[in-house]
Amino acid sequence: MIDIKLIRENRDLVKENIKKKFQDHKLLTVDEIYELDIKYRETKQEGDNLRAEKNAKSALIGNLMREGKKDEANTVKEEIANYGKRIEELSALEEDLALDIKKKMMTIPNIIDDSVPIGKDDSENVENEKFGEPVVPDFEIPYHADIMEALNGIDKDASGRTSGNGFYYLMGDIARIHSAMLSYARDFMIDRGFTYCIPPFMIRSDVVTGVMSFEEMDAMMYKIEGEDLFLIGTSEHSMIGKFKDQVLKKENLPYTLTSYSPCFRKEVGAHGIEERGVYRVHQFEKQEMVVICEPEDSMDWYNKMWRYTVDFFRSLDIPVRTLECCSGDLADLKVKSCDVEAWSPRQQKYFEVGSCSTLGDAQARRLGIRAKGENGTYYLHTLNNTVLATPRGLIAFLENNINADGSINIPVALRPYMGGKEKIEKKGK
RNA sequence: GGAGAAAUACCCAAGUCUGGUUGAAGGGACCGGUCUUGAAAACCGGGAGGUCGGCGACGGCGCGGGGGUUCGAAUCCCUCUUUCUCCGCCA
């Protein structure tokens, strides 16, 4: 959500930005908002004036009553009666206009950073940089579910029976690697000065609607029957919700948090749920990083944050690249965003394992996340990035650390979390 | 889950029964000063937040959130949320 002042004062900039994002159908909305805003302010002004008059007369009644002038007071009372209806009309109109403006403002995309490449859709995203050699080994890498199965590490038949498609039982060493990676990801961020946080895994509807649109909510969020609660789709939901309507102390900035949570997603529409594997599932776990900072610091943080994820994957011997999101593929709330993609030696291409975004002040404006400065409050900048989402991260790990005999190398960094093991091999079930 | 109590500004806290000059006493913290080598203490002085509209003068809203009664609500009514105490239940 952008500042409406931009539409008041610099409509061309807003429209130019919309064109860059290939959303020309929204150009008209900008003009509509402009007109509605004028009407809104006129209505408010008229209403405020009437309310001021009415307040003055009410105060007068108070004085007259105290002086015992009942008759005069009653006369004034009758005068006031005329105000009521008009004020009510204006208030209703004012409210309607405000609501309409807000609804339309929500659809106006955030102003993207100058550095964002212009492109229509995800096919025009731009590879920024590769880290590590994308190796194609001289043996065939099995499908990830087969790797897991060979090590007795997954039971999807059972999860199908208990929970349906899109769930999984991870077993034995595979389950242990999964947890080890998350623990390592947690400590990796703690070592970089982030504060570890375990948030609520369910949030109320007002928090949900604060962080996403109704359409997104329908497509993603699981609702708890009979309660005003939803399972979170990512800890970002509860982490950003934590700061909703808060005025933060300048001296506490920046907030650098790393949160763990399970994530629940309906994955309606989208690409659907995969039948065999665990690439796209209804339930996964994630170590996330969230930063709330001063506006001038957000671009620095953005660059630090994606770099952390790159370093994390490199420390597990997984080659990665960063893919910059082009203007047309960039979600409306975002200023700039890139995916961190891991190398798949099986598919011989990169696949998404994380996403780093700066939302500028758009999310903060929408949720009322502010700090107090010299001249009143101002909106802060919010950023979020994946450290590790798994089992997806586990897929990247297995494919890049498997040997020809099906055993899995455990990189040094992970060994403390794996009981010191250097390698895992198939044993009995 | 049952029974009670409470939510006022950066913090503590009065006001609520008995609606009107209460944007809201008082204290702390804060800022400026006196004193002091410096600091603390003491004393003197200062300003009370937020948000929306307006170039401004100023005005609207605002005492946990939402709604209602009234010419007028921190104050009365309804509702939601949260916190505390007691009982019950539980990893």
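## A three-stranded sheet

Strands E5, E7 and E6, in that order, form an open sheet with antiparallel pairing. Its edge strands are E5 (202-203) and E6 (222-223), each pairing on one side only. Strands are DSSP runs of E with at least two residues, helices are runs of H or I with at least four, and both are numbered from the N terminus. Two strands pair if DSSP finds at least two bridges between them.

E6 meets E7 (residues 230-231) in the antiparallel sense, over two bridges. Lysine 223 has phenylalanine 230 of E7 as its bridge partner. Strands of a sheet pair through backbone hydrogen bonds, either parallel or antiparallel.

## Model and overall build

This is a predicted model: local features need pLDDT of at least 70, side-chain atom pairs count only at pLDDT 80 or more, and totals for chains, interfaces and linings use all residues. Residues are numbered from 1 along each chain as its sequence is written, while chains are lettered from A and ligands numbered from 1 in the order in which they are written.

Chain A has 13 helices and 18 strands. Its C-alpha atoms fill a box of roughly 100 × 45 × 40 Å along the principal axes. Of its 429 residues, 39% are buried. A residue is buried if 20 or more other C-beta atoms lie within 10 Å of its own, exposed if 12 or fewer, and partly exposed in between, with C-beta atoms placed from the backbone. Among contacts in chain A with a separation of 6 or more, 70% join residues 24 or more positions apart. Contact means that two C-beta atoms, placed from the backbone, lie within 7 Å.

Around RNA strand B lie 17 residues. Asp48, Ala52, Ser58, Gly62 and Thr377 come nearest. Near means a C-beta atom, placed from the backbone, within 6 Å of the strand.

Helix H3 (27-66), helix H4 (70-107) and strand E15 (376-379) each supply at least two residues of this surface. H3 gives the largest share, 13 residues. By class, the surface has four nonpolar, six polar and seven charged residues. Ala, Val, Leu, Ile, Met, Phe, Trp, Tyr, Cys and Pro count as nonpolar, Asp, Glu, Lys and Arg as charged, and the others, Gly among them, as polar.

## Helix H4

H4 has 38 residues and should span 56 Å at 1.5 Å a residue; its end C-alpha atoms are 55 Å apart, which agrees. The expected span is 1.5 Å times one less than the number of residues. H4 bends by about 25° at tyrosine 83. That bend is the angle between axes fitted to the seven residues ending there and the seven starting there.

Leu90, Glu94 and Met105 are the buried residues of H4. They pack against helix H1 (4-9) and H3.

## Strands E8, E14 and E15

E8 (residues 247-248) and E14 (residues 370-373) run parallel, joined by two bridges. Valine 247 has arginine 370 of E14 as its bridge partner. E14 also pairs with E15, in the antiparallel sense, over four bridges. There, lysine 372 has threonine 377 of E15 as its partner. Thr377 is also among the residues that come nearest to RNA strand B.

## Histidine 237

Histidine 237 sits in helix H10 (residues 235-241). It counts as buried because it has 26 C-beta neighbours inside 10 Å. Leaving out residues up to four places away in sequence, histidine 237 touches Ile203, Val207, Val208, Val211 and Ile232. Proline 199 is 38 residues away along the chain, yet the C-alpha atoms of proline 199 and histidine 237 are separated by 9.4 Å.
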